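Trainee: Please pick one part of this model and go through it closely. I would like to follow how it sits among its neighbours, step by step.

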Amino acid sequence: MTTTETTTGPRLFHRPVDTGPAYWGPGDRYTFLVTGEESGGAYFAMEALVPPGGGPPPHIHSREDETFYLLEGEIEFRLEDETIVAGPGDFVNVPRGTVHCFRNAGTEPARMVLTFTPAGMEHFFEETLEEAPSGAQEPPDNIDEVAARYVEAAPRHGLEFV
């Protein structure tokens, strides 16, 4: 079981745009805004750039609540058995234990901020994804490899794909 252990409290800091660690999801680009180490274990937040067709398969977090704040574009969310479409300024709250996923069903890229409470999910992304160098525009063609790493690592991180 992966846990976020901290010996200090949250840190006061400023992270300028595009300076956090970045990773390629299966087509998506995730840039860390604040990690558990930086928040005293309270939360982890990242920006997601989701191209048309992008987004993860349905899954459940057993350890974290997850929120989404949409900045640009439109994202289709599955929340248990309901499907909703969120646009700029919309907020979605997903309590732990809830089946959910998101997909950019539009024709333009979408951008949103995801928050996981408490922190810890960042370790899943660090373990399973490839780093996205600053300025890199095109994701690697590795969806099958990432999917295999997701499935293998998920149980260690309290994540279940359904």
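Mentor: Two strands count as paired if DSSP finds at least two bridges between them. This is a predicted model, and the part I pick is strand E3, residues 44-50. Start with its two pairings. Strand E2, residues 29-34, and E3 run antiparallel to each other and share five bridges. Within that pairing, phenylalanine 32 is placed opposite methionine 46 of E3. E3 also pairs with strand E10, residues 110-117, again in the antiparallel sense, over seven bridges. Here alanine 48 has methionine 112 of E10 as its bridge partner.

Next, burial. Of the seven residues of E3, six are buried, so the strand is largely enclosed by the rest of the structure. Glutamate 47 is buried: its relative accessible area is 13%, and the cut-off for buried is under 20%.

That leaves the charge on this side chain. Side chains of opposite charge can pair when their charged atoms come close. Glutamate 47 forms a salt bridge with arginine 111, and the closest N and O atoms are 2.7 Å apart. Glutamate 47 belongs to strand E3 and arginine 111 to strand E10, so the pair ties together parts that are 64 residues apart in sequence. Arginine 111 has a relative accessibility of 24% and therefore counts as partly exposed, whereas glutamate 47 is buried. For context, a search of the whole structure finds eight salt bridges.

Note on methods:
Residues numbered from 1 in each chain as written. Predicted model: local features only at pLDDT ≥ 70, side-chain atom pairs only at ≥ 80, totals over all residues. Heavy atoms only, no water. Buried < 20%, exposed > 50% of the residue type's maximum accessible area, 1.4 Å probe, protein only. Helix = DSSP H or I, 4+ residues; strand = E, 2+ residues; numbered from the N terminus. Salt bridge = Lys/Arg side-chain N within 4 Å of Asp/Glu carboxyl O.
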